[in-house]
Amino acid sequence: MEAIKGTASYKGIAIGRIAEMEKDDAVVRRVHIDDADAETVRYVAAKEKAQEQLMLLKDKALKEAGEAQAEIFEAHSMFLDDFDDSVINIIRTQMVNAEYAVAETGDNISEMLSAMEDNPYMQARAGDVTDVANRVIRILSGREISGNEFSEQVILISDDLTPSETVQLDKSKVLAFVTREGSANSHTAILARTMNIPALCRTSVPKEAAGRMGIVDGFAGIIYVDPDEDTLKKYEQMLLSEREKKELLLELKGKDTVTKSGRKVRLYANIGGIGDLSYALQNDAAGIGLFRSEFLYLQNDDFPGEDEQFRAYRTVAEMMAGKEVVIRTLDIGADKQIDYFKLDREENPALGCRAIRICLTREDIFRTQLRALYRASAYGNICIMFPMIISVWEVERALKIAEEVRHELASKSIPYKEVPIGIMIETPAAVLIADELAELVDFFSIGTNDLTQYTLAIDRQNQKLDRFFIPHHPAVLKAISMTIEAGHRHNIWVGICGELGADPELTEQFVRMGIDELSMSPSSILPVRKIIREMD
Ligand code: PEP
Ligand code: MG
């Protein structure tokens, strides 16, 4: 048995035979032509056909994967429109064949996008451009798109997969996607998530694995080749319980989260980036309760600029289509360290310069993020949330900076909305002054991960202290109920976005305490909905 580690793009278990994806790579030759007009006509006809194919693919994606994924092909269609000037120019000035002109244009645009290191989203679009170019080239050279028809369900391995290839595959035959390259941020990963197919990327699975038995563990990010009997048994069990969960999912989709006596609770999703959105939607999240914006910073080598952040926040706001999206401002420090912040080494980083403390010390970083957030607010229903609050002055100062940012945008006639502003309650200090804090903000969201750490004085990272760590400690539960009561005394809503929010053993207790919103990883939403619907 061989266990090969990779990066998990979508959780899930798959057991089956491994097959290598057959690529239909176009080898494009540069051929001299005599009639540039005729070659241009050939290009225009091929482009039109490509546009027709893209619209068909868009419809297919719409039916199988949803609106957000269908937009990928809409984007391909737009990329293709950008090809015209360059392709026709190359045909006419170099007197070369359309295939070559399209390949050259595709390479140029894709290289340009790959170089955008400060913008991982656009960088990831380089693959989409190559995909579009290959489509037109295939049409020009009269070749069919490869079939990859399998007689049984397979674990599909490949160097990489383009969005077109992913959608065109007969997904009833695909148990899992495993690629040697790719990123969890690519559209292909988004598609896999939406199609509910386990996926791994950056896995050095050898070509010789094809034809052998495999297990994909999309939780641990591992593919096993030729698994031994014990491993196979263990994963067969896991697969069974996964299936049960999926059935539960289907049953509860589209239903209200309401107790039998009519008490409603909003179940929102926690996300770390755009890549998690489709999963939130698929699991029926009524909104996003925690967008950990620091992931945008963590995945970069330098500070993400205002425009890059704006695009990410706008995408989330647009894709959630009017549903609430709570975006937490930067929560860096403690366990989330970033070299380019050049933070001082601290004896005790969990009690050091982190989150709002960094933002109020280095206001330039904070203002850039707030400008991006307010600009994005014009495109949906965004709420802003400040983390790690311990004092009234911090909230007052943060609100003042937000007000200055709004004035700055207004003076430049840049559209924005007066969005609700809330804070995380994740320190005992914030719990104890919750009444004063509630007068300043529109909502509270309880961060039970840090609240537990600071209430129990137990490092949340230190596994050696597990014996002393009591997740349902009465002090933490009391702090939660005190926060809910304080919030309600001041007529603001109170939610939980820490891991306890998804703890099925506590759901009833939270609802009885009067919690308004629970935000959790998307896969927990439907199981928690089930518990709430069964409550009196
Ligand atoms: C928390 O502390 O509960 C929380 C949601 O924030 P994070 O886990 O990102 O610190
Ligand atoms: Mg926290």
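Asp81 is partly exposed, with a relative accessible area of 41%, where buried denotes under 20% relative accessible area, exposed over 50%, and partly exposed the range in between (1.4 Å probe, protein chains only). The structure is a predicted model, for which local features need pLDDT of at least 70 and side-chain atom pairs count only at pLDDT 80 or more, while totals for chains, interfaces and linings use all residues; side-chain values use heavy atoms, with hydrogens and water left out. Residues are numbered from 1 along each chain as its sequence is written, and chains are lettered from A and ligands numbered from 1 in the order in which they are written.

Asp81 forms a salt bridge with Lys47, with 2.9 Å between the closest N and O atoms; a salt bridge is defined as a side-chain nitrogen of Lys or Arg within 4 Å of a carboxyl oxygen of Asp or Glu. Because Lys47 belongs to helix α1 (residues 36-64) and Asp81 to helix α2 (residues 67-81), this pair ties together parts that are 34 residues apart in sequence. Helices (H or I, at least four residues) and strands (E, at least two) are DSSP runs, numbered from the N terminus. Lys47 is buried, at 12% relative accessible area. A salt bridge also connects Lys47 with Asp84 (2.9 Å, N to O). Asp84 lies in helix α3 (residues 84-94) and Lys47 in helix α1, so parts that are 37 residues apart in sequence are tied together. Asp84 is partly exposed, its relative accessible area being 22%.

The whole structure contains 35 salt bridges. Among them is the pair of Glu324 and Arg266 (3.8 Å, N to O). This pair links distant parts of the chain, with Glu324 in strand β11 (residues 324-328) and Arg266 in strand β9 (residues 266-271), 58 residues apart. Glu324 is buried at 16% relative accessibility, whereas Arg266 is partly exposed at 27%. One network, joined by salt bridges that share partners, comprises Glu294, Arg328, Asp331, Lys336, Arg354, Asp450 and Arg460.

Asp450 (OD) also coordinates the magnesium ion (ligand 2), together with Glu426 (OE), at 2.1 to 2.2 Å. Glu426 is in the loop between β13 (421-425) and α16 (428-432) and Asp450 is in helix α18 (residues 448-456), so the pair ties together parts that are 24 residues apart in sequence. Both residues are buried, Glu426 with a relative accessible area of 2% and Asp450 with 3%. Donors are N, O and S atoms within 2.8 Å of the metal (3.2 Å for Na, K and Ca); water is not among the atoms, so sites may look incomplete.

An open sheet of 8 strands has the order β1-β8-β7-β3-β4-β5-β6-β2, with mixed pairing; two strands pair if DSSP finds at least two bridges between them. The edge strands β1 (2-5) and β2 (7-10) each have a single partner strand, so one side of each is left without a neighbour in the sheet. From one strand to the next, the twist averages 30°. Strands β3 (residues 13-20) and β4 (residues 154-158) pair in the parallel sense over 4 bridges, and Ile18 stands opposite Ile155 in β4. Helix α9 (residues 229-252) packs on the sheet and touches β3, β7 (213-217) and β8 (222-225), its direction making about 115° with that of β3. Contact means heavy atoms within 4.5 Å; axes are lines fitted to C-alpha atoms, for helices over the stretch in contact, and angles run from 0 to 180 degrees between N-to-C directions.
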